[in-house]
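Hi everyone, thanks for making time for this one. Let me put the model up, and we can walk through it together.

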Amino acid sequence: MKLVRMDDSVTLVFGKTQYRYCMSDRIMKMLREFDVRAAADFFPNVIDPHGKVYYSVSSLMEESIASSQMEGAVTTTKKAKEMLRKNIRPKDGSERMIVNNYRAMMFIKDHTDR
């Protein structure tokens, strides 16, 4: 198992000391959850209502793009955001996955009161 993880590991150097670590799917999910919760706790009291809507939609876009990329979608974040913002029809399976993820997240957001 150690040899398998070595291929996916990252080396971090502090002076003469090297540290190797591997980002598992579980760790990535936990970091993402931390990131989302930290942002939700920080921004509500800092930005105006218009900014909250923009931040919320932008966060949903980024989440749907990152999630799709982790599942195998092949596109750049910039291209995917442009597609979502301009409501451009998806050209392939990767773009369709991103749009579907985004629509699902918007649906959930719009129906959280139920």
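Let's start with Lys 86, which is exposed at a relative accessible area of 55%; buried here means under 20%, exposed over 50%, and partly exposed in between, with a 1.4 Å probe and protein chains only. Before I go on, a word on the ground rules: this is a predicted model, so local features need pLDDT of at least 70 and side-chain atom pairs count only at pLDDT 80 or more, while totals for chains, interfaces and linings use all residues. Residues are numbered from 1 along each chain as its sequence is written, and side-chain values use heavy atoms, with hydrogens and water left out.

Back to Lys 86: what is its partner in a salt bridge? That is Glu 82, with the closest N and O atoms 3.2 Å apart. A salt bridge, for us, is a side-chain nitrogen of Lys or Arg within 4 Å of a carboxyl oxygen of Asp or Glu. Glu 82 is partly exposed, at 37% relative accessibility.

One joins the side chains of Arg 32 and Glu 63, at 2.2 Å from N to O. Arg 32 sits in helix α2 (residues 25–42) and Glu 63 in helix α3 (residues 49–70), so this pair ties together parts 31 residues apart in sequence. Helices are DSSP runs of H or I with at least four residues, strands are E runs of at least two, and both are numbered from the N terminus. Both partners are partly exposed, Arg 32 at 29% and Glu 63 at 21%.

The other joins Lys 81 and Glu 62, at 2.8 Å from N to O. Again distant parts of the chain are linked: Lys 81 belongs to helix α4 (residues 77–85) and Glu 62 to α3, 19 residues apart. Here Lys 81 counts as buried, at 15%, whereas Glu 62 is partly exposed, at 40%.

Now for the inside. Which residues make up the largest nonpolar core? There are twelve: Leu 60, Met 61, Ile 65, Ala 73, Ala 80, Met 83, Leu 84, Ile 98, Val 99, Tyr 102, Met 105 and Met 106. Such a core is a set of buried Ala, Val, Leu, Ile, Met, Phe, Trp, Tyr and Cys residues joined through side-chain atoms within 4.5 Å. Helices α3, α4 and α5 (93–110) each supply at least two of its residues, and the largest share, five residues, comes from α5.

Leaving out residues up to four places away in sequence, Ile 98 touches Ser 64, Ile 65, Ser 68, Ala 73, Thr 75, Ala 80, Met 83 and Leu 84, where contact means heavy atoms within 4.5 Å. Thr 75, in the loop between α3 and α4, is buried at 17%. Beyond four places in sequence, Thr 75 contacts Gln 69, Ala 80 and Ile 98.

Finally, zooming out: the protein chain has five helices and two strands, in the order α-β-β-α-α-α-α. Of its 114 residues, 21% count as buried. Among contacts with a separation of 6 or more, 35% are between residues 24 or more positions apart. Happy to take questions!
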